[in-house]
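Q: I have a model open and want to learn how to read it. Could we go through it feature by feature?

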Amino acid sequence: MRKGTMTADPRQAGTKGSVRRLRRGGRIPGVLYGAGEGPVSVSVGEKELQTALRTGVRVLDLSLYLP
């Protein structure tokens with residue numbers, strides 16, 4: 001199984017309209033869940049994600065910088 005690395009940006013959890021604007025801007029919304037931590041709303045670049053999936057990457061390490 002191939003592994004990859006991707007950069008994720010934090011985002012504000014919002015309405016359906018804000019998520020649609022995000023997608024139109026070339027970003028894919030997502031939510032990270034972790035043990036003992038609350039959910040974190042993030043977005044990743046559409047092209048970056050498509051490239052990773054197209055090349056067979058199935059496990060991603062996300063680099064996330066929270067303010």
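Q: What is the mean pLDDT of the protein chain?
A: Start with confidence. This is a predicted model. Where pLDDT is low, predicted coordinates should not be read in detail. Here the mean pLDDT of the protein chain is 88. A value of 70 or more is reached by 100% of the residues.

Q: Where in the protein chain is confidence lowest, and where is it highest?
A: The lowest mean is 87, in β4. The highest is 91, in strand β2, residues 27-34.

Q: Which elements make up the protein chain, from the N terminus on?
A: Their order is β-α-β-β-α-β. That comes to two helices and four strands. The C-alpha trace spans about 35 × 35 × 20 Å along its principal axes.

Q: In what order do the strands sit in the sheet?
A: The general idea comes first. Strands of a sheet pair through backbone hydrogen bonds, either parallel or antiparallel. In this model four strands form an open sheet, ordered β2-β3-β1-β4, with mixed pairing. β2 and β4 are the edge strands, each pairing on one side only. From one strand to the next, the twist averages 45°.

Q: Which way do β1 and β4 run, parallel or antiparallel?
A: Parallel, with seven bridges joining β1 to β4, residues 57-64. Lys-3 has Val-59 as its bridge partner in β4. Thr-5 has Asp-61 as its bridge partner in β4.

Q: And β1 with β3, parallel or antiparallel?
A: Antiparallel, joined by three bridges. Look for Asp-9, which stands opposite Ser-43 in β3.

Q: Where do the helices lie on this sheet?
A: Take them one by one. Helix α1, residues 16-24, lies across β2 and β3 and runs at about 120° to β2. Helix α2, residues 46-54, packs on the sheet and touches β1, β2, β3 and β4. The direction of α2 makes about 90° with that of β3.

Q: Which residues form the largest nonpolar core?
A: The core has six residues: Met-6, Ala-8, Val-42, Val-44, Ala-52 and Val-57. Across the protein chain, 18% of the 67 residues count as buried.

Q: What is Val-42 in contact with, leaving aside neighbours within four places in sequence?
A: Its contacts include Ala-8, Asp-9 and Pro-10. Ile-28, Pro-29, Gly-30, Val-31 and Leu-32 are also among them, as is Leu-64.

Q: Is Ser-43 buried or exposed?
A: Ser-43 lies in strand β3. Its relative accessible area is 4%, so Ser-43 is buried, the cut-off being under 20%. Beyond four places in sequence, the residues Ser-43 touches include Thr-7, Ala-8, Asp-9, Leu-22 and Arg-27.

Q: What about Ser-41, buried or exposed?
A: Ser-41 is also found in strand β3. Ser-41 has a relative accessible area of 15% and is therefore buried. Setting aside neighbours within four places in sequence, Ser-41 contacts Asp-9, Pro-10, Arg-11, Ala-13 and Gly-30.

Q: Is Lys-3 buried or exposed?
A: Lys-3 sits in strand β1. At 61% relative accessible area, over the 50% cut-off, Lys-3 is exposed. Beyond four places in sequence, Lys-3 touches Val-57 and Val-59. Lys-3 and Gly-56 are 53 residues apart in sequence and 8.6 Å apart in space, C-alpha to C-alpha.

Q: Why does Glu-46 count as partly exposed?
A: Because its relative accessibility is 31%. Glu-46 belongs to helix α2. Not counting residues up to four places away in sequence, Glu-46 touches Gly-26, Arg-27 and Ile-28. From Glu-46 to Arg-27 the C-alpha separation is 5.2 Å, with the two 19 residues apart in sequence.

Q: What share of contacts join residues at least 24 apart in sequence?
A: The share is 58%, among contacts between residues at least 6 apart.

Conventions. Residues are numbered from 1 along each chain as its sequence is written. This is a predicted model: local features need pLDDT of at least 70, side-chain atom pairs count only at pLDDT 80 or more; totals for chains, interfaces and linings use all residues. Side-chain values use heavy atoms; hydrogens and water are left out. A nonpolar core is a set of buried Ala, Val, Leu, Ile, Met, Phe, Trp, Tyr and Cys residues joined through side-chain atoms within 4.5 Å. Buried means under 20% relative accessible area, exposed over 50%, partly exposed in between (1.4 Å probe, protein chains only). Contact means heavy atoms within 4.5 Å. Two strands pair if DSSP finds at least two bridges between them. pLDDT is the predictor's confidence in each residue, from 0 to 100. Axes are lines fitted to C-alpha atoms, for helices over the stretch in contact, and angles run from 0 to 180 degrees between N-to-C directions.
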